[in-house]
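Trainee: I have a structure open and would like to learn how to read its features one at a time. Could you take me through them?

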Amino acid sequence: MLLIPCPWCGERDESEFTCAGEAHIARPLDPDSLTDDEWGDYLFHRTNTKGWHREQWHHTAGCRRFFNVLRNTVTYEIKQVYKIGEFPQGEEQ
Amino acid sequence: MNKYSIFSLARNALSHHENWQKAWRSPEPKKAYDAIIVGGGGHGLATAYYLASEHGMRNIAVLEKGWIGGGNTGRNTTIVRSNYLWDESANLYEKSMKLWEGLSQELNYNVMFSQRGVYNLGHTLQDLRDIQRRVNANRLNGIDGEFVTTEQIAERIPFINTSPDSRYPILGASFQPRGGTARHDAVAWGFARAADSLGVDIIQNCEVIGIRRDGAQVTGVETSRGYIETPKIGVVVAGSTSVIAEMAELRMPIESHPLQAFVSEPIKPILDTVVMSNAVHGYVSQSDKGDLVIGAGIDGYNGYGQRGGFQTIEHTMSAIMELFPVFSRVRMNRQWGGIVDVCPDACPIIGTTPIKGLYFNCGWGTGGFKATPGSGWVFAHTVANDAPHELNAAFSLERFITGALIDEHGAAGVAH
Ligand SMILES: Cc1cc2nc3c(=O)[nH]c(=O)nc-3n(C[C@H](O)[C@H](O)[C@H](O)COP(=O)(O)OP(=O)(O)OC[C@H]3O[C@@H](n4cnc5c(N)ncnc54)[C@H](O)[C@@H]3O)c2cc1C
Ligand SMILES: [Zn+2]
């Protein structure tokens, strides 16, 4: 079981959370100008990184807020937790 | 290859079974092949077998980073059925079912295909409407299926909890009599042995670490055992799909998740069919050894570690207990995880890519074991002809751009 440090509530059991998928996928500002390729990429394609993965979690059974986690998809180690709109330390994008 | 038969069994008994021929060779990789299949799971081995047997391509190799069948093929709960809702998937899985029905004979290898039937339970009125719709769709497609009532279920499956007072009462089910189970390892080994006897090189402990291209055409693969030249690469690596795709700078609509399975201590025969429930989310059958084979849903996060979290174990056990309270005293013997390649519409991707000579067969997620022979059959056609067969044409990578998804998620009650 993962122990996830919610930025608002502190460390809690994984069972209180829902993983909400890859982080930093920005909704296109002008969807009408997108090609089918770009729209398909936005909707469906994922990096599915083997290693350090930036992802969103939701504290479903707690404060009900979303936040970002930098987690290793092989060891499942959590390196950093940071708020929506921010980036992991040392990474601008 | 020596044929397996009652006579070969008797002959080898005389020498205390010490002189059986190896089931397949362990050749050194050649410098070049006409085609290379990456991934020695059931699907990759089946692809190689059909490439050799149906398309005459015998100068080919299967490259496996570990041991054959050590991925999801050897980790799955082996449920086989073909009662999918939409025509595209129904036709594909039914092709596979037909191949299963003759597979042990064709491969001269007992894959222990056991058509003990599969029940998909419904627990709400909407479940029942969906099940009836699916049974009707199946029958229109020539696939066997019937709707069974709670009373019939109680009669046919002793010990299942059909009480109307349970939290999620069983209101009915679909039943596919031709569904069942098969022996996972035997499927990998049977295809490997048959492919090897047609000249296919099966190379284990050989990891693909790069894909070489000349412009938009592949020219070969870098492996942990050196560079191998080839004009055609068929990638069938399940949970590792995105890793290989990245080597060719392709983006995939796939996410890798752990999926767990469990077997109990062996007990006397108690369940002679397969029972699945999407609503309480668990499924169970009993192996010939007597252990209960149990599974449920994926772990919610992306993961490449072949293990799963405790909360999923708890969820699985509570689902099984809801269906079979009598199993509460049975102890679980083993638990493990495989990495499944989950696609947004819960359907596979089998086809060409924008790179010439590069083909992908992936996205089977939690339910590809049942498709092993059919998947190999259509993928072999695709690799040999550089174009999909009509059975897999709809399962293209482009559907995520055109929007022509095949929405089996939910529709077919798509647990395995
Ligand atoms: C717990 C669990 C239960 C399941 N239950 C069912 C079920 O009841 N019914 C059903 O129909 N399906 C089920 N499935 C799904 C099913 O197991 C898979 O869809 C199917 O087995 C996939 O077969 P495959 O040959 O494509 O993949 P795999 O058997 O995973 O084979 C892929 C192979 O590729 C190799 N590989 C990866 N990367 C490389 C590389 N770089 N170079 C060389 N080789 C590489 C791997 O080592 C692996 O052996 C289940 C899966 C799991 C995990
Ligand atoms: Zn919180």
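Trainee: How many positive and negative side chains does chain A have, and how far apart do the centres of the two sets lie?

Mentor: Before counting, note that this is a predicted model, in which local features need pLDDT of at least 70 and side-chain atom pairs count only at pLDDT 80 or more, while totals for chains, interfaces and linings use all residues. Residues are numbered from 1 along each chain as its sequence is written, chains are lettered from A and ligands numbered from 1 in the order in which they are written, and side-chain values use heavy atoms, with hydrogens and water left out. For charges, Lys and Arg count as positive and Asp and Glu as negative, whereas His and the chain ends are not counted; the place of a charge is NZ of Lys, CZ of Arg, CG of Asp or CD of Glu. Chain A has 10 positive and 16 negative side chains, with the centres of the two sets 7 Å apart. Chain B has 36 positive and 41 negative ones, and there the centres lie 5 Å apart.

Trainee: Which pattern does chain A follow along the sequence?

Mentor: Helices (H or I, at least four residues) and strands (E, at least two) are DSSP runs, numbered from the N terminus. Chain A comes to one helix and six strands, and reading along its sequence gives β-β-β-α-β-β-β. Chain B, for its part, has 10 helices and 19 strands.

Trainee: Why is chain B said to be as compact as a globular protein of its length?

Mentor: The radius of gyration is taken over C-alpha atoms, and the globule rule is 2.2 Å times the number of residues to the power 0.38. For the 416 residues of chain B the rule gives 22 Å, and the radius of gyration is 21 Å, close to that value, so chain B is as compact as a globular protein of that length. Along the principal axes, its C-alpha atoms fill a box of roughly 65 × 60 × 40 Å, while those of chain A fill one of roughly 40 × 25 × 25 Å.

Trainee: What share of each chain counts as buried?

Mentor: Buried means under 20% relative accessible area, exposed over 50%, and partly exposed in between, with a 1.4 Å probe and protein chains only. In chain B, 58% of the 416 residues count as buried, and in chain A the share is 37% of 93 residues.

Trainee: Where is Asn205(B) found, and is this residue buried or exposed?

Mentor: Asn205(B) sits in the loop between strand 8 (201-203) and strand 9 (208-214) of chain B, and with a relative accessible area of 56% it is exposed. Its phi is near 55°, a positive value in a residue other than glycine. Met112(B) also has phi near 55°; this residue belongs to the loop between helix 3 (87-107) and strand 4 (118-122), and at 33% relative accessibility it counts as partly exposed.

Trainee: How many residues does each chain bring to the contact between them?

Mentor: Contact means heavy atoms within 4.5 Å, and here it takes 23 residues from chain B and 24 from chain A. Buried area is the accessible area (1.4 Å probe) that two parts lose on being put together, summed over both. The two chains bury about 2200 Å² between them, 52% of it on carbon and sulfur atoms. On the chain B side, Arg251(B), Tyr301(B) and Tyr304(B) lose the most area to chain A, together 31% of what that side buries.
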